[in-house]
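This report is meant for a reader who is meeting the structure for the first time. It goes through a few topics in turn, starting with a term that is needed along the way.

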Amino acid sequence: MAMTATTPPLASQASISEEIERIQHETKPGQTSTRLDFSPYRSTLLRHPVKELRTLDPEEVELYAPVFGHSDVDPTEADLTLHPGGEPIGERMVVTGRVVDGDGRPVRRQLVELWQANAAGRYVHKRDDHPAPLDPHFHGAGRCLTDDDGWYRFTTIKPGPYPWRNHHNAWRPAHLHFSLFGREFTQRLVTQMYFPGDPLLALDPIYQAITEQAARDRLVAAYDHDTSQHEWATGYRWDVVLTGAHATPLEREDSDA
Amino acid sequence: MRDLVTTAGQTVGPFFHYALPYDGGPHLVPPGSAGAIRLAGTVYDGAGAPVPDAMLEIRQADAAGRVPVVEGSLRRDGVFTGWGRAATDAVGRYAFTTVAPAPTRPGVAAYFAVTLFARGLLDRLFTRIYLPGPELSDDPFLRSLPDDRRRTLVAERDVDGNLRLDLRLQGEQETVFLAFPRHRDR
Ligand SMILES: [Fe+3]
């Protein structure tokens, strides 16, 4: 591969893994959020703030998340395997779980968005040049609303792992990208769901940027036999806990009316 | 729930464009409608290079200072929902068409609440874009910031009322990014 004088050679997995271990060791225990400053993921170097975040109380604008409803989302958007041309290739699965806030209250009737690679690890994206096949019957994006108890549910296919250029022989573990809203603007979350037992998790600088094991575990779905469907699909359960709300539940009940 | 460890964020990655941005996302009101303004700027990294794979979401009050709590942001039907989403373009620019928000109560300045996502940014960032005006000098939060930091949050307004503010992820003129009290529970 051609290198210019300004492009350092790609680091080895061994040196990336060593860097991950060192930073995790230096991070104080109890930090359950993702580190923004995490050099093993090279693109963070120029994209993480170096000044401290300013903590302040949310004003009214930040106390209300945007509202979505049945005028925004069609129920068929929750099934990523629906395609007029035919069935996508891959392992069909149902992914379901409950969205609650940091106080354990269900996040009701709120938008959940999902996007992912196909079974071969390729995205329908013009900048994805991984030489794996596109699937003409799989687009890889869906949406749904949570129900009155905070449950979401998607039918899709299991994505494949894919290579990226962070370091030499870098592979992302198979994952689903999720976008979630709470009841407050402050509870916004974009994250990734992973699969249990994936050996790539230990090597991945994005997943490992969460330095606390208990917090990393929260991003890994559980195989759930009760969600699996006879002669149709395997099932995974993945719950989401957003940050706590600032407005009191009483104010919330009023705003629900 | 068994335990309430908060679900951590992960980067939006490089491949969100076919999934998250949508037709009409950046247009909180139709371009050219009465009172419509443009809110635009460029997102820069720590080396001063534009960020072509970032996404912004804004939440705002209307021109009367009311925060709409109504559905319809994904399939807009003439209703002002006070929320929009825009990806940056190939040269890092974002642009919304909206109305200028008014303050939600006396004594504070009007602003857009902003969430910022990008490849290489491991978790979302919150910030605010304030409208220029005399209220700025009385706003308790803005007053708590040193001059050079406050400047990173205040848009410039042109003669047509259009607003412009660049966001900087890192460096000397880094944007003031925000955390809210319940983000630090654990
Ligand atoms: Fe991905």
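A residue is called buried when its relative accessible area is under 20%, exposed when that value is over 50%, and partly exposed in between. By this rule R93(B), with a relative accessible area of 47%, is partly exposed, and D89(B), at 27%, is also partly exposed. The side chains of R93(B) and D89(B) meet in a salt bridge, with N and O 2.9 Å apart. The model that is described here is a predicted one.

**Salt bridges**

Over all chains, a search of the whole structure finds 26 salt bridges, and across the interface of chain A and chain B the rule finds 7.

| Pair | N to O distance |
|---|---|
| R93(B) and D89(B) | 2.9 Å |
| R105(A) and D103(A) | 3.6 Å |
| R85(B) and E113(A) | 2.8 Å |

R85(B) counts as buried, because its relative accessibility is 1%, and E113(A) is buried with a relative accessible area of 1%. A network of salt bridges links D101(A), D103(A), R105(A) and R182(B).

**The interface of chains A and B**

In this model 88 residues of chain A are in contact with 78 residues of chain B. The area buried between chain A and chain B is about 7400 Å², and carbon and sulfur atoms give 57% of it. In chain A, the residues that lose the most area to chain B are R47(A), R54(A) and V61(A), which together account for 12% of what that side buries. The rule also finds 44 residue pairs in polar contact across this interface, and strand β9 (residues 189-194) of chain A, with 5 residues, gives the most to the side of chain A that touches chain B.

S73(B) lies in the loop between β2 (54-59) and β3 (83-87) of chain B. Leaving aside residues up to four places away in sequence, S73(B) touches F68(A) and D72(A) as well as Y22(B), T81(B) and W83(B). With a relative accessible area of 0%, S73(B) is buried.

**The iron ion**

Which residues are the protein donors of the iron ion? They are Y123(A) and Y162(A), each through OH, together with H175(A) and H177(A), each through NE2, and they lie 1.9 to 2.2 Å from the ion. The site is irregular, with angles of 88 to 159 degrees among its 4 donor atoms. In sequence the donor residues follow the spacing Y-x38-Y-x12-H-x1-H. Y162(A) in strand β6 (residues 162-164) and H175(A) in strand β8 (residues 175-180) are 13 residues apart, and this pair links distant parts of chain A. Y162(A) counts as buried at 7% relative accessibility, and H175(A) counts as buried at 2%.

**A buried strand residue**

T156(A) is found in strand β5 (residues 151-157) of chain A and, at 0% relative accessibility, counts as buried. Its contacts, not counting residues up to four places away in sequence, include L80(A), E91(A), M93(A), Q116(A) and F138(A). The side chain of T156(A) makes a polar contact with the side chain of Q116(A), at 2.6 Å.

Definitions and conventions
Residues numbered from 1 in each chain as written. Chains lettered and ligands numbered in written order. Predicted model: local features only at pLDDT ≥ 70, side-chain atom pairs only at ≥ 80, totals over all residues. Heavy atoms only, no water. Donors = N, O, S within 2.8 Å, 3.2 Å for Na, K, Ca; no water. Tetrahedral: all angles 85-135°; square planar, octahedral: opposite > 155°, others 65-115°. Helix = DSSP H or I, 4+ residues; strand = E, 2+ residues; numbered from the N terminus. Buried < 20%, exposed > 50% of the residue type's maximum accessible area, 1.4 Å probe, protein only. Contact = heavy atoms within 4.5 Å. Buried area = accessible area lost by both parts, 1.4 Å probe. Salt bridge = Lys/Arg side-chain N within 4 Å of Asp/Glu carboxyl O. Polar contact = N/O pair within 3.5 Å; in protein donor to acceptor, adjacent residues only side chain to side chain.
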